[in-house]
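Dear colleague,

I am handing over a structure for you to look at, and below it you will find an account of what turned up in it. Please keep it open beside you as you read.

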Number of protein chains: 2
Amino acid sequence: ASFSSSSSSTLLFRQLFEKESSTYTYLLADASHPQKPALLIDPVDRTVDRDLSLIEQLGLKLVYAMNTHVHADHVTGTGLIKSKVPDVKSVISKASGATADLYVEPGDKVYFGNLFLEIRATPGHTKGCVTYVTGDTPGQPRMAFTGDTLLIRGCGRTDFQGGSSEQLYESVHSQIFTLPKNTLIFPAHDYKGFTVSTVGEEMQYNPRLTKDVETFKNIMANLNLSYPKMIDVAVPANMVCGIQSKTS
Amino acid sequence: ASFSSSSSSTLLFRQLFEKESSTYTYLLADASHPQKPALLIDPVDRTVDRDLSLIEQLGLKLVYAMNTHVHADHVTGTGLIKSKVPDVKSVISKASGATADLYVEPGDKVYFGNLFLEIRATPGHTKGCVTYVTGDTPGQPRMAFTGDTLLIRGCGRTDFQGGSSEQLYESVHSQIFTLPKNTLIFPAHDYKGFTVSTVGEEMQYNPRLTKDVETFKNIMANLNLSYPKMIDVAVPANMVCGIQSKTS
Ligand SMILES: [Fe+2]
Ligand SMILES: [Fe+2]
């Protein structure tokens, strides 16, 4: 889908789904820039070939492969992408502690052509989680790529990887619910077949984050979730962009 | 997501996914109309509660539950929806031979508020397949809900339910590929995690429909697909909106 903007930049946008881990990968590009620079948010190793083939067919130049955080449920595609398209730069937050080509901090902007994503720190699911937010284009809703911080009618667990339910609550309320209500919420996962939500909808209907902080902390402390199947493989791999050096 | 239009109507749009059958259901509404009239395209029986709950939260009034065709891989949600929301009217093409409250024919328009879907006959996957196309709004790409006629980089099988590969080829080329190239393609299924394509993309990259008609017929005749698991349950049920009378 493409959305025209008044600044004569055209955002090309695609949402892509990886079924095994129910992960959404997002492709964004400045389609009106001569080079059509593009970025991927939260690519998955298993779907890298699909994503790169789409990027090639659309005539885009992939510049960044970014993660919202160090994932525990799948191996990121960033390392594999770099091995196939050497000019691509991997991006993650400085606070994640992971290795990448480019580290982002709150308030930074990552430009692709004349468009950009602004970085907001939203720790709580992990200590290094960030939300990527598109710029303000008159007549178009903003988009927030919230990772596992805010899911549609849900949120990520807070019992691993430096997680903190209190911090997640504060992150969502101060960094996401302060965006315009028509801001589109694009999470890293959905398990019920939803593809998008809005800030206004989650402020009204999120069954966890509409509660007060103490109730929220109680909910999160009593989820009784099982140990994530892939965490012991995925987290060490994702700390180094998904590809571990053979000598380590 | 909502898209503003110059006629002061605002299309509210949601794509919803049912994982077991990899089916997409689409929710459209005129969000600027006082009643917020809405319709669902290709609802699935298993996800009716999810869809109705979303419709309620968004404050929409569901008017139509429509199918692109008589599905063979899942039971439609239309009958169940009617039993839960009695005012809803089921919609299917006259050519399908199925029972519904409202039968549509090529060129008809189904209005929801000030917005509408235009019906295009696209037989070939089944004899009664139609494509629903949104109206022309300046500055916004049109949307085509293609059912199983045109899938992203694929198409529906043509070996059951009055299917014909020659007819499918003709339908896609005369009814879909004649739409503006930036028209968004929203299919009834995707098995690789794609959520949307465009007419221009499929005209250039669809591995089947870019071929000449004889090559296409050959491809379709040699797919060696297995007998659809659910066809003997789903088709009779879907001929009557998913709910068979207890006395029959
Ligand atoms: Fe995560
Ligand atoms: Fe079908």
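**Strands in chains A and B**

Four bridges join strand β8 of chain A to strand β9 (residues 115–121) of chain A, and these two strands run antiparallel. Please bear in mind throughout that this is a predicted model. Within this pairing, Phe112(A) has Leu115(A) in β9(A) as its bridge partner. As a general point, the strands of a sheet pair through backbone hydrogen bonds, and they do so either parallel or antiparallel.

Both strands belong to an open sheet of six strands in chain A, whose order is β8-β9-β10-β11-β12-β13 and whose pairing is mixed. The edge strands are β8 (109–112) and β13 (197–198) of chain A, each of which pairs on one side only. Helix α3 (residues 165–176) of chain A packs on this sheet, where it touches β9, β10 (130–134), β11 (143–147) and β12 (184–187) of chain A, and its direction makes about 140 degrees with that of β9(A).

Strand β5 (residues 61–66) of chain B pairs with β6(B) in the parallel sense over three bridges, and Val91(B) in β6(B) is the bridge partner of Met66(B).

Terms used
Residues are numbered from 1 along each chain as its sequence is written. Chains are lettered from A and ligands numbered from 1 in the order in which they are written. This is a predicted model: local features need pLDDT of at least 70, side-chain atom pairs count only at pLDDT 80 or more; totals for chains, interfaces and linings use all residues. Side-chain values use heavy atoms; hydrogens and water are left out. Two strands pair if DSSP finds at least two bridges between them. Contact means heavy atoms within 4.5 Å. Axes are lines fitted to C-alpha atoms, for helices over the stretch in contact, and angles run from 0 to 180 degrees between N-to-C directions.
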